[in-house]
Amino acid sequence: MTLQLEYEETTADAVRVQQLGGRIGAQIDGVRLGDDLDDAVIERIRAALLRHKVVFFRGQQHLDDAGHRAFAERLGPLTTAHPTVNTGNAHVLTLTANKGMAANAWHTDVTFVDRVPAISVLRGVTIPPYGGNTVWANTAAAYDRLPAPLKALVESLWAVHTNSYDYAQRDEENEQPDANFTRDDFASKIFETRHPVVRVHPETGERTLVLGNFVKGFDGLNDSESVAVFKLLQDRVTRLENTIRWTWKPGDVAMWDNRATQHYAVADFDTEPREMRRITVAGDVPVSIDGRRSEVISGDSGGYVDIDKLIS
């Protein structure tokens with residue numbers, strides 16, 4: 001009870017941000033997440049997120065789905081849980097696994113739609129006794145450190161992203177879904193969107209790489225060329241110096257800037273149960289360096305993102 005009272009009285013000056021990696025990651029202490037935080041505390045959290053790309057909170061066992069949603073809504077309008085599946089909850093995507101499965105592919109969330117989510121807030125509900133870590137990579141740092149010839153290439157390059165393969169329910173060895181959804185559920189409606197490979201971050205002005213395993217191919221390149229260029233750029237994104245690895249504990253919350261990161265959930269927990277719940281803050285349409293916006297090829301994201309809320 002004393003600890004709860006301390007959190008309720010927390011001011012922005014009392015929020016403690018500890019940097020964890022040279023290029024990405026910070027832990028935030030002194031905050032009890034919910035909808036009752038002062039605006040100044042929310043601003044401090046957002047500033048830390050924009051600087052460090054992913055931030056972590058320990059000891060948030062008090063959160064349920066309602067509290068999780070209430071906190072996420074302080075950061076902006078929410079998307080629905082997923083563009084294609086009925087999760088049983090309007091805003092909460094539950095990702096469960098008991099066969100060692102996880103999102104074991106590098107990706108940025110939901111890049112197959114035009115309005116790429118801005119922020120993801122992930123809550124650990126059931127944590128396996130070992131394994132099941134998540135790794136994030138900083139795509140702004142990856143762009144900044146490209147040599148000049150590669151910058152010249154990517155700044156004019158566009159890629160098509162699609163959900164015809166969805167990381168969330170793929171077991172790469174057995175092609176088996178989890179107990180909740182099949183791969184056909186996730187691809188029940190096909191989305192394809194053309195994004196610039198380099199976008200301008202709408203809040204920081206940074207240039208970030210828009211890649212990950214929803215990429216189908218690059219404009220003007222054939223399949224083999226697309227594979228080669230994709231690997232070249234992805235290897236730059238996922239260099240260890242650009243990453244941070246988080247070992248989950250019960251009650252942990254991770255929040256990342258989806259416009260400047262990729263992430264990878266490591267499938268190394270055998271048959272131990274793992275359950276995570278994600279709520280997503282809506283984002284805007286990516287804009288290239290020369291001011292062009294991403295283009296929809298197929299699929300309407302209007303049911304996933306409330307456009308009226310974004311422009312109100």
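Strands are DSSP runs of E of at least two residues, and helices are runs of H or I of at least four, numbered from the N terminus. Two strands pair if DSSP finds at least two bridges between them. This is a predicted model: local features need pLDDT of at least 70, side-chain atom pairs count only at pLDDT 80 or more, and totals for chains, interfaces and linings use all residues. Residues are numbered from 1 along each chain as its sequence is written, and side-chain values use heavy atoms, without hydrogens and water.

**Sheet.** Four strands form an open sheet in the order S11-S7-S8-S16, with antiparallel pairing. S11 (215–218) and S16 (295–298) stand at the edges with a single partner strand each, so one side of each lacks a neighbour in the sheet. S7 (residues 158–162) and S11 run antiparallel, joined by 3 bridges. Ala159 has Phe218 as its bridge partner in S11.

**Salt bridges.** A salt bridge is a side-chain nitrogen of Lys or Arg within 4 Å of a carboxyl oxygen of Asp or Glu. The count comes to 21.

| Salt bridge | Closest N and O atoms |
|---|---|
| Arg74 with Asp39 | 2.8 Å |
| Asp219 with Arg194 | 2.8 Å |
| Glu275 with Arg277 | 2.7 Å |

Asp219 lies in the loop between S11 and helix H7 (223–237), and Arg194 in strand S8 (residues 192–196), 25 residues apart. A network of salt bridges links Arg46, Glu203, Asp257 and Arg259.
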